[in-house]
Amino acid sequence: MKRTLENVEEQFETFQILNEDGEVVNEDAMPDLSDEDLQELMRRMVYTRILDQRSIALNRQGRLGFYAPTAGQEASQLGSHYAMEKEDFLLPGYRDVPQLIWHGLPLYQAFLFSRGHFHGNQMGETQAVPPQIIIGAQITQTAGVALGLKKRGKKNVAVTYTGDGGASQGDFYEGINFAGAFNAPAIFFVQNNRYAISVPVEKQSAAQTIAQKAVAAGIEGVQVDGMDVLAVYKATQDARERAINGEGPTLIETLTYRYGPHTMAGDDPTRYRTEEDENEWEKKDPLSRFRKFLEGKGLWSEEKENEIIENAKEEIKAAVKKADEQPKQKVTDLISIMHEELPQNLQEQMEEYKEKESK
Amino acid sequence: MAQMTMIQAITNAMQTELKNDENVLIFGEDVGQNGGVFRATEGLQKEFGEDRVFDTPLAESGIGGMSIGLALQGFRPVPEIQFFGFVFETMDAISGQMARIRYRTGNTYNMPITVRSPFGGGVHTPELHADSLEGLMAQQPGLRVVIPSTPYDAKGLLIQSIRENDPVIFLEHMKLYRSFRAEVPEEEYTIDLGKADVKREGSDVTLVAYGAMVHSALKAAEQLEKDGVQAEVIDLRTISPVDYETIINSVEKTNRVVVIQEAQKQAGIAASVASEIQERAILHLEAPVLRVAAPDTVYPFSSAEEVWLPNHNDILDKVNKVMNF
């Protein structure tokens with residue numbers, strides 16, 4: 001067969017289960033989820049939408065620091081996370097705080113991460129590292145975690161996320177290529193929300209899909225409707241099965257959208273996005289389509305949703321309060337977490353700051 | 001005891017630790033079946049298997065990231081960067097990531113990683129093989145940087161580096177790999193990191209050096225003895241953190257110091273050593289702290305190494321200056 005760009009792209013058609021009206025368009029691919037699972041997925045998406053709204057408000061009040069909005073990406077973030085087991089290892093990017101929370105990081109610690117307090121990054125028993133700021137670094141590290149899980153003989157996977165811009169990094173390619181060469185149980189997500197700050201995905205690469213970048217590593221690649229929680233869940237579950245059965249890593253591209261700005265540090269999306277664009281993606285809202293689907297099955301109601309919203313607001317309030325109560329950081333704290341045994345220079349500086357702090 | 005070259009001592013240290021700790025993993029470009037481009041890992045894959053000693057794709061950043069991931073799963077990685085000039089490819093993994101993980105996770109995770117890498121001039125390597133880039137590493141909080149100059153030190157320091165629960169950059173000078181043999185115990189032993197070693201005692205001037213420059217300093221000291229000057233030669237062994245206690249004790253005795261490095265004057269660590277000496281012992285100094293270093297150019301084209309690299313004559317010049325200040 002003659003190789004053409006077209007016949008490569010044909011192999012990466014968008015995988016979808018629910019359409020924008022919440023109708024099942026791919027019955028054969030329906031994941032095996034109980035009514036409780038379906039409701040729990042919706043609960044998490046609603047909760048996370050509220051968390052985003054409250055986080056933006058808290059940021060504006062100066063009660064949170066660094067914050068990268070998540071509204072619009074709930075299906076992509078939570079559908080994928082829902083397919084993970086507790087013992088799977090998560091390596092999130094800076095926008096992937098929701099996955100971290102649902103993987104076990106207490107909410108008040110996520111707020112401390114935002115404010116810039118080391119306790120926010122103390123993972124405890126949660127099998128995860130803090131959100132990665134260096135775009136791409138999480139990808140090579142994921143290859144290593146996955147190889148580690150394989151060497152330990154564990155039936156677990158390493159899961160990581162980056163954005164569409166991140167797929168242009170060298171570390172992105174190196175990470176998926178290493179995982180492929182070592183046949184390591186890793187799942188690499190590219191959440192393609194079409195913009196890296198102001199730069200549209202078309203300016204990142206001439207490739208028509210990001211999923212096809214998997215070809216360069218010789219691994220499985222899938223493009224998914226990232227606004228369809230069932231499709232994301234199913235694609236992740238399949239990738240996880242392949243990985244723990246020794247069939248290697250998968251690259252999953254989720255086509256998604258962020259309704260808010262890039263971060264709360266002054267980005268204004270109206271400078272680079274059209275209203276038309278935004279309206280089109282509003283129609284694809286992952287919450288409204290899944291809500292329709294659940295209502296059709298008699299599994300959802302307005303009361304239920306309001307209950308979740310109230311509960312989320314209360315928990316967020318309590319978490320902010322708990323974050324407020326966290327003791328302030330001291331230089332001696334920062335010195336003490338540098339090494340197991342302090343080198344000479346830090347021993348001296350520790351004494352210096354102990355004295356300062358005792359005054 | 002056995003007579004070993006530095007490279008044999010290094011292999012012996014890795015073999016010791018592969019035996020001692022099943023979490024130790026050795027990997028890099030050509031370190032497996034091939035036994036490394038300098039034979040540093042010779043025979044290790046055969047003895048310990050491909051699961052413990054293995055080749056990687058050709059990508060330094062990937063090697064760095066993979067080391068971090070393996071450490072997150074409780075392994076004790078000993079990756080190799082084929083030549084330290086290639087560290088720029090993996091600066092983020094080392095300085096941006098592994099050096100910071102204990103801190104950034106508030107002690108949840110630590111990185112017991114030892115990055116081994118050859119460097120150093122005098123053997124006519126091609127471009128970006130011999131550059132002395134230890135100064136970049138020494139500026140990164142969270143790293144320890146070790147540079148042995150003898151087979152004995154190399155073994156003890158490498159075993160200790162591998163056992164450290166925080167990242168260590170272990171730099172091996174190519175010219176010292178096979179230039180001489182020395183007695184090295186066959187059994188295991190360790191040398192604490194952060195401790196300098198007085199390689200020669202003297203009372204008139206202190207020569208602070210590391211890497212290949214230790215041998216140049218010793219050669220200069222021999223010459224100086226003929227002229228009645230007793231030079232004390234301190235081999236730093238660990239250049240981050242520097243053992244100032246040993247340096248200051250020596251300076252209090254000799255009152256004169258020359259700090260010697262192979263790196264360019266604007267690089268390396270001599271500037272910070274000189275600065276700490278004046279902060280801690282200015283009243284003991286009879287002369288300014290002078291430095292021996294390479295010119296501030298890019299590392300020389302190989303046939304210009306002889307005129308560019310600092311040598312014992314450059315050391316003698318600076319010692320004369322501090323003696324006659």
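Predicted model: local features only at pLDDT ≥ 70, side-chain atom pairs only at ≥ 80, totals over all residues.
**Entry 1: the annotated span in chain A**

I began with the record. UniProt, in an unreviewed entry, places "domain: Dehydrogenase E1 component" at residues 42–331 of chain A. I then looked at the span itself. Its end C-alpha atoms lie 43 Å apart.

**Entry 2: where chain A meets chain B**

Next I looked up the contact between the chains. Chain A brings 44 residues to the contact and chain B brings 43. Together the two chains bury about 3500 Å². Carbon and sulfur atoms account for 54% of that area. I asked which residues of chain A lose the most area to chain B. They are K151(A), F178(A) and Q344(A), and together they make up 19% of what that side buries.

I noted one of them by name: K151(A) pairs with D51(B), with the closest N and O atoms 3.4 Å apart.

The element that gives the most is α6(A), with nine residues. By class, the chain A side has 21 nonpolar, 15 polar and eight charged residues.

**Entry 3: two domains in chain B**

I moved to chain B. It is divided into domain 1 (2–184) and domain 2 (197–324). Their centres, taken over C-alpha atoms, are 26 Å apart. The contact between them takes 25 residues from domain 1 and 22 residues from domain 2.

The area buried between these domains is about 1900 Å², with 54% from carbon and sulfur atoms. I checked which three residues supply more of the domain 1 share than any other three. They are H124(B), S132(B) and I147(B), at 24% of the area that domain 1 buries against domain 2.

The rule finds two across the domain interface. K199(B) forms a salt bridge with D153(B), the closest N and O atoms being 2.6 Å apart. I counted 13 residue pairs in polar contact between the domains of chain B. On the domain 1 side, α6 (134–138), β6 (144–146) and α7 (151–163) of chain B each supply at least two residues. That side divides into eleven nonpolar, ten polar and four charged residues.

**Entry 4: backbone exceptions**

Last, I checked the backbone. Most residues other than glycine have a negative phi, and most peptide bonds are trans.

In chain A, R194(A) is not a glycine, yet has a positive phi of about 75 degrees. I located R194(A) in the loop between β3 (186–192) and β4 (195–196) of chain A.

In chain B, the peptide bond from S240(B) to P241(B) is cis, with omega near 0 degrees. P241(B) lies in the loop between β12 (238–240) and α9 (244–254) of chain B.

Terms used: Residues numbered from 1 in each chain as written. Chains lettered and ligands numbered in written order. Heavy atoms only, no water. UniProt positions renumbered as here; feature names shortened; annotations may be inferred. Helix = DSSP H or I, 4+ residues; strand = E, 2+ residues; numbered from the N terminus. Domains from an automatic or database assignment. Contact = heavy atoms within 4.5 Å. Buried area = accessible area lost by both parts, 1.4 Å probe. Salt bridge = Lys/Arg side-chain N within 4 Å of Asp/Glu carboxyl O. Polar contact = N/O pair within 3.5 Å; in protein donor to acceptor, adjacent residues only side chain to side chain. Nonpolar A, V, L, I, M, F, W, Y, C, P; charged D, E, K, R; others polar.
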